[in-house]
Amino acid sequence: MTDFQALRRRFPVLEHKTYLNSGSYCALADSVRDAINAYMDDRLLLGANWDVWVTKNEAVRSAMAAVLRAAPDEIAVTASASAGLNALASAFDFSQRRNKVIVSDFEFPTNAQIWHAQELRGARVVHVPKTADGYIPLESFAELIDEETQLVAVTHVCFRNGARLDIPGIVRTAHAKGARVLLDCYQAVGGLTVDVKKLDVDFAVGGMLKYLLGTAGIGFLYVRGTLIPTLIPTHSGWFAQQDIFAMDITANRPSPTARRFEAGTPAVVNCYAAEAGLQIILEVGTDTIEQRVRELTRRCLAGLDGIGWTSVTPPQDERRGPMVCIPARRTAQLFATLMEQGIVASFRDDNIRATIHFYNSEDDVDRLVAALKASRLQHHPDA
């Protein structure tokens with residue numbers, strides 16, 4: 001049985017804060033802090049240490065592949081989710097009849113803006129709107145995906161309301177029409193099991209600073225192995241080459257692996273942090289983490305029901321990720337009030353976001369609910 005109390009002690013901030021903000025920036029683990037310090041020690045002792053640095057980059061690739069249940073050659077280690085998306089977009093041809101890109105109205109700005117930027121190259125971007133109940137059902141995607149659709153670029157968990165889309169259903173619908181699927185799993189991976197092979201997605205993108213327990217400035221792009229030879233990005237760099245040590249300026253010779261979607265010098269110190277964070281995720285296990293997160297988000301929703309404060313996050317387990325979003329009046333003021341009480345959350349639109357990880361406890365959830373109950377007269381939407 002997993003000892004969550006012991007795991008919790010590995011995150012020093014939890015000793016003095018109720019930290020419910022993993023969907024913005026995770027709590028810092030002791031081993032991640034130590035990894036960053038190890039990089040600093042190496043710099044002071046050795047200066048440049050390229051052999052170790054390249055090894056760290058490869059360690060991140062292998063660990064990320066294990067988390068996603070993919071092969072290391074299917075993973076590009078990128079500077080951000082945006083960097084991976086831009087490299088992938090540069091490899092698509094929108095001059096053909098199949099030039100439509102489907103995105104949903106649940107997307108993080110990056111995953112819509114980058115595809116809208118491809119309109120200059122002939123892409124047609126179509127949005128799938130949410131329905132009256134605030135969700136986007138599979139039927140809404142099915143109405144828009146057709147034989148002219150090249151890509152369905154869709155989020156796993158919406159950053160605004162915590163809703164989890166029916167990814168298997170979307171993938172089946174897209175593939176039946178000959179379209180490919182890109183999964184933005186930034187608000188899911190590490191907090192949920194994201195098995196790219198089971199989901200059957202063609203691409204997946206995310207970063208290390210949220211539920212993967214690393215830091216900013218490093219991300220990943222998964223590309224299905226059979227598709228890699230068919231996609232040649234024009235967004236490139238020396239680490240995207242077949243031989244990074246060739247220093248050949250006469251041609252572009254992309255790697256036969258997903259490394260062709262990388263660019264220049266890797267974010268070395270970030271690799272130290274990301275590797276340490278990924279090792280924690282693999283140690284605990286994503287299935288165990290998902291079960292723990294499900295239990296805590298369920299407790300949060302039940303607590304909110306108990307004080308008469310409805311969440312905009314779907315109550316169904318299959319429609320919910322690691323986030324519970326709570327509508328409020330004067331949200332910024334409520335956020336500040338929670339911070340004064342040592343409760344670290346975030347807010348988007350008119351919703352307070354409680355983003356929950358395995359290191360959170362029942363007491364964390366109960367403190368949030370109690371704080372909201374105390375602020376009801378000032379901040380409840382109906383007050």
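Q: What does buried mean for a residue, and which residues of helix 11 are buried?
A: A residue is called buried when its relative accessible area is under 20%, exposed when that area is over 50%, and partly exposed in between, using a 1.4 Å probe and protein chains only. Helices (H or I, at least four residues) and strands (E, at least two) are DSSP runs, numbered from the N terminus. This is a predicted model, in which local features need pLDDT of at least 70 and side-chain atom pairs count only at pLDDT 80 or more, while totals for chains, interfaces and linings use all residues. Residues are numbered from 1 along each chain as its sequence is written, and side-chain values use heavy atoms, with hydrogens and water left out. In helix 11, which spans residues 331–340, the buried residues are Thr 331, Leu 334 and Leu 338.

Q: Where do the buried residues of helix 11 fall when the helix is seen down its axis?
A: The arc is taken from the directions that run from the helix axis to the C-beta atoms. For helix 11 the buried residues fall within an arc of 60°, so they line one face of the helix.

Q: What covers the buried residues of helix 11?
A: Contact means heavy atoms within 4.5 Å. The cover includes strand 10 (343–344), strand 11 (346–348) and strand 12 (351–355), together with helix 12 (362–374) and helix 13 (376–379).

Q: How many salt bridges does a search of the whole structure find?
A: Side chains of opposite charge can pair when their charged atoms come close. A salt bridge is counted when a side-chain nitrogen of Lys or Arg is within 4 Å of a carboxyl oxygen of Asp or Glu. The search of the whole structure finds 25 salt bridges. One of them joins Asp 200 to Arg 224, with the closest N and O atoms 3.0 Å apart. This pair links distant parts of the chain, 24 residues apart: Asp 200 is in the loop between helix 8 (196–199) and strand 7 (203–207), and Arg 224 is in the loop between strand 8 (219–223) and helix 9 (268–284). Asp 200 is partly exposed at 32% relative accessibility, whereas Arg 224 is buried at 18%.

Q: Are Asp 364 and Arg 367, which meet in a salt bridge, buried or partly exposed?
A: The side chains of Asp 364 and Arg 367 meet at 3.1 Å, N to O. Being three residues apart in helix 12, Asp 364 and Arg 367 are separated by about one helical turn. Asp 364 is buried, with a relative accessible area of 0%, while Arg 367 is partly exposed at 41%. Salt bridges with shared partners join Arg 8, Asp 364 and Arg 367 into one network.
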